[in-house]
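Please consider the sequence and the three-dimensional model shown here. The explanation is meant to be read with both in view.

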Amino acid sequence: MKKEKFSYTRISCYQTCRWQYYLKYVKKFKVERTDNTKLANKGIAFHEIAEKYKSTDTIDDLTAAMRARATELSVDPDEYDYREAAIRLRWFMDDFVGKKDVKLERESWVNGELAGVPFCGALDVRLTPKKKDGAEHYYIVDFKSGKKADTESYRSQLALYTHLWGAELGFDFDETIERVHAYAFFPLAVVPRASTLSDEERAMESLKKIHFTIDQLMAYVAQYEDTVAKIKAEDWSRIDEKSADISFVCSFCQFAGIPKGFHPVVHCARTYDNGVKAPRSIKIGLDAR
Ligand code: SF4
């Protein structure tokens with residue numbers, strides 16, 4: 001049987017709500033709904049255009065493409081500054097990436113193993129040096145659609161990707177810290193004192209390097225291994241809805257507000273009882289992956 005892969009999303013799902021983890025990864029239920037996808041969709045509109053970026057694209061082209069895609073995804077394009085996102089994207093691709101002697105990969109995968117289970121990570125951008133001299137540098141950039149260019153909540157995710165790629169390259173922790181560099185790029189974030197900055201300065205402000213010490217990277221890896229051990233030790237036949245844990249994650253959760261009785265297994269009575277109501281039109285199926 002094919003071994004199921006673990007990922008940052010899967011681990012953080014377990015850490016935030018065991019009931020969601022049970023429904024999504026143990027029972028493999030999937031809910032089709034569009035009522036709570038706006039926050040994800042505003043970023044998808046940027047991601048999809050960034051994925052196809054060509055150096056001949058103008059700011060107007062990029063802005064129009066992002067706005068059109070946002071509209072298709074039921075996001076009001078006037079709610080987010082896609083023109084600013086286009087300006088930052090051009091700077092990122094032409095200056096940050098374009099001035100390095102690297103091979104650019106968009107939407108690629110890094111794979112590895114932690115605690116005896118396979119792990120994968122989806123990289124928005126990965127830059128591999130063209131010349132290998134034993135001291136070359138590697139770059140990972142993750143696109144984030146938050147309003148604040150704050151890296152704190154992304155450190156754990158980027159630590160995983162850094163470690164997986166370092167291991168894939170055959171690096172130990174020391175070498176990984178030295179040679180694999182992680183960044184978060186915030187094309188839609190509000191930049192402080194934006195009106196006093198040039199286009200280039202605002203774009204630079206929205207690209208944040210995430211620094212790790214060796215101890216920090218090792219601690220993140222140990223946390224992932226610890227969580228995998230906890231997941232393996234779970235007796236899922238004993239879980240019930242009391243494990244549902246309300247947090248900010250519920251705003252994106254496919255199971256939010258589904259009342260008891262709507263489906264034999266799938267519900268989140270805890271959010272339903274707190275006033276979240278899923279539309280009756282949702283469809284529940286099994287995730288085929
Ligand atoms: S809506 Fe919240 S409490 Fe309910 S399953 Fe999802 S994450 Fe857990």
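The model is predicted. In it, the protein contains 10 helices and 7 strands. Along the principal axes, its C-alpha atoms occupy a box of roughly 55 × 45 × 35 Å. A compact globule of 289 residues would have a radius of gyration near 19 Å, and the 21 Å found for the protein therefore agrees with that expectation. Of the 289 residues, 31% count as buried. Among the contacts with a separation of 6 or more, 68% join residues 24 or more positions apart.

Attention now turns to the ligand. Its surroundings consist of 14 residues, the closest being Cys17, Cys250, Cys253, Ala256 and Cys268. Two elements, α2 (18–26) and α10 (269–273), each give two or more residues to this shell. In composition, the shell comprises 10 nonpolar, 2 polar and 2 charged residues.

Helix α2 also has a helical partner. Helix α1, residues 8–16, packs with α2 at an angle of about 135 degrees, and the two axes lie 6 Å apart. On the α1 side, the contact involves Arg10, Cys13 and Tyr14. These residues meet Arg18, Gln20, Tyr21, Lys24 and Tyr25 in α2. By class, the residues of the contact of α1 with α2 divide into 4 nonpolar, 1 polar and 3 charged.

Is Cys120 buried, partly exposed or exposed? A residue is buried if 20 or more other C-beta atoms lie within 10 Å of its own, and exposed if 12 or fewer do. Cys120 counts as partly exposed because it has 17 C-beta neighbours inside 10 Å. Leaving aside residues up to four places away in sequence, Cys120 touches Lys5, Ser7, Trp109, Val110 and Asn111. Arg193 gives a sense of scale: Cys120 and Arg193 are 73 residues apart in sequence, and their C-alpha atoms are 38 Å apart in space.

Terms used
Residues are numbered from 1 along each chain as its sequence is written. This is a predicted model: local features need pLDDT of at least 70, side-chain atom pairs count only at pLDDT 80 or more; totals for chains, interfaces and linings use all residues. Helices (H or I, at least four residues) and strands (E, at least two) are DSSP runs, numbered from the N terminus. The radius of gyration is taken over C-alpha atoms; the globule rule is 2.2 Å times the number of residues to the power 0.38. Two residues are in contact if their C-beta atoms, placed from the backbone, lie within 7 Å. A residue is near a molecule or strand if its C-beta atom, placed from the backbone, lies within 6 Å of it. Ala, Val, Leu, Ile, Met, Phe, Trp, Tyr, Cys and Pro count as nonpolar, Asp, Glu, Lys and Arg as charged, and the others, Gly among them, as polar. Axes are lines fitted to C-alpha atoms, for helices over the stretch in contact, and angles run from 0 to 180 degrees between N-to-C directions.
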